[in-house]
Amino acid sequence: MELTNEERETLAHVVLDPDAWVAHALEHGGEAAVTAKIERWRPVYESEKAKPDYKNRSQRDAEEAEKMKPTPEQIATAAAEKLIRVKMREQAIAELIKEGKLTADGKIPK
Amino acid sequence: MANQRILATEEMVGYGHATKADTLNRHGFIEHLEDGTHQKAMSHLTASRLMKCDASKIPASSAMAETATGEVTNASQPAFLVTNASKQENMADAATLVFGTEIFDQGGDFAANTFTAPVTGRYQLSFIAYLLAIDSGSSVLHIRLITSNRSYYYFISPAVLASDPGYWHIAGSILADMDAADTAYLTFNYTGGAQQVDLEVLSFFSGFLAC
């Protein structure tokens, strides 16, 4: 099944990989499934594509993924906080062992 | 009015008959023979029940079934529940969750860790991801439910944890719009930390056509 550029772009508005989706759809639903999906999403694509900041599904997902990534500052802060928590944990264990509330290997005495 | 059925002698069947009061509101479907005489099919709408049917006219091969107490099942409605046959160890970022055991797959729409919608509709999709050895060095970790039309994210921030938790689970559920031949599957994703998280057995992925 050959798609026109417009049909491929309509699918790309909603699915990550139009060609992969079409190949899968032809196996499971036939050309009718492909045509139906294009027809369903064409009005949405038509109304969205004229927007200056238009992005298709793949671009939207990539943008979302980028937003999810922590900034270098957040990574540095998280690393510092983890060091502090580890240090506090080590100090707490050492004190509890000293007080006899934990054994030397960090377990509750029997 | 004692007799609440339309009888052939009442001349209410077919085209061109005059309308008669207090009978039309009580009837839904009437089956006709070729000569115009009607057959009993469905009749008698009352305040206490929607309709009374002639049992002989109900298709015997329908996938839908109703019990005597009103529960309705449909053996043709797409529905699946799958689980993982073994532990999926040290998952890489964006690894697809592997579900090798089908507990049920009504309609046969689940294969290769992916559900394929057989018809356009709204599908209730749910999962439980039972995770081991989450690295508290990871700043962000999430399970992503990827459908053809959109992605759904279920996050945690392990970096707030004092140490690596032995067990953790992420569960999610969504009513997703899917077109015929659309797919749905799950991935594991993380940023930072070591590649050490396992998907333990007793993880599940399920779904059904809701409407």
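**Close-up views of a two-chain predicted model**

Helices α1(A) and α2(A) are roughly perpendicular to each other (an angle of 65 to 115 degrees). This is a predicted model in which local features need pLDDT of at least 70 and side-chain atom pairs count only at pLDDT 80 or more, whereas totals for chains, interfaces and linings use all residues. Residues are numbered from 1 along each chain as its sequence is written, chains are lettered from A in the order in which they are written, and side-chain values use heavy atoms, without hydrogens and water.

**View 1. The helix pair of chain A.** Helix α1(A) (residues 5–14) and helix α2(A) (residues 18–28) pack at about 95 degrees, with axes 9 Å apart; axes are lines fitted to C-alpha atoms over the stretch in contact, and angles run from 0 to 180 degrees between N-to-C directions. Helices are DSSP runs of H or I with at least four residues, and strands are runs of E with at least two. Contact (heavy atoms within 4.5 Å) involves Arg8(A), Leu11(A) and Ala12(A) of α1(A) with Pro18(A), Asp19(A), Trp21(A) and Val22(A) of α2(A).

View 2. Eight of the eight residues of β13(B) are buried, that is, under 20% relative accessible area with a 1.4 Å probe, protein chains only. Strands pair if DSSP finds at least two bridges between them. β13(B) pairs with β16(B) in the antiparallel sense over eight bridges, and His142(B) has Asn189(B) as its bridge partner. Six bridges join β13(B) to the antiparallel β14(B), where Tyr152(B) stands opposite Leu145(B).

Terms used: Angles under 35 degrees count as roughly parallel, over 145 as roughly antiparallel, 65 to 115 as roughly perpendicular and the rest as oblique. Buried means under 20% relative accessible area, exposed over 50%, partly exposed in between (1.4 Å probe, protein chains only).
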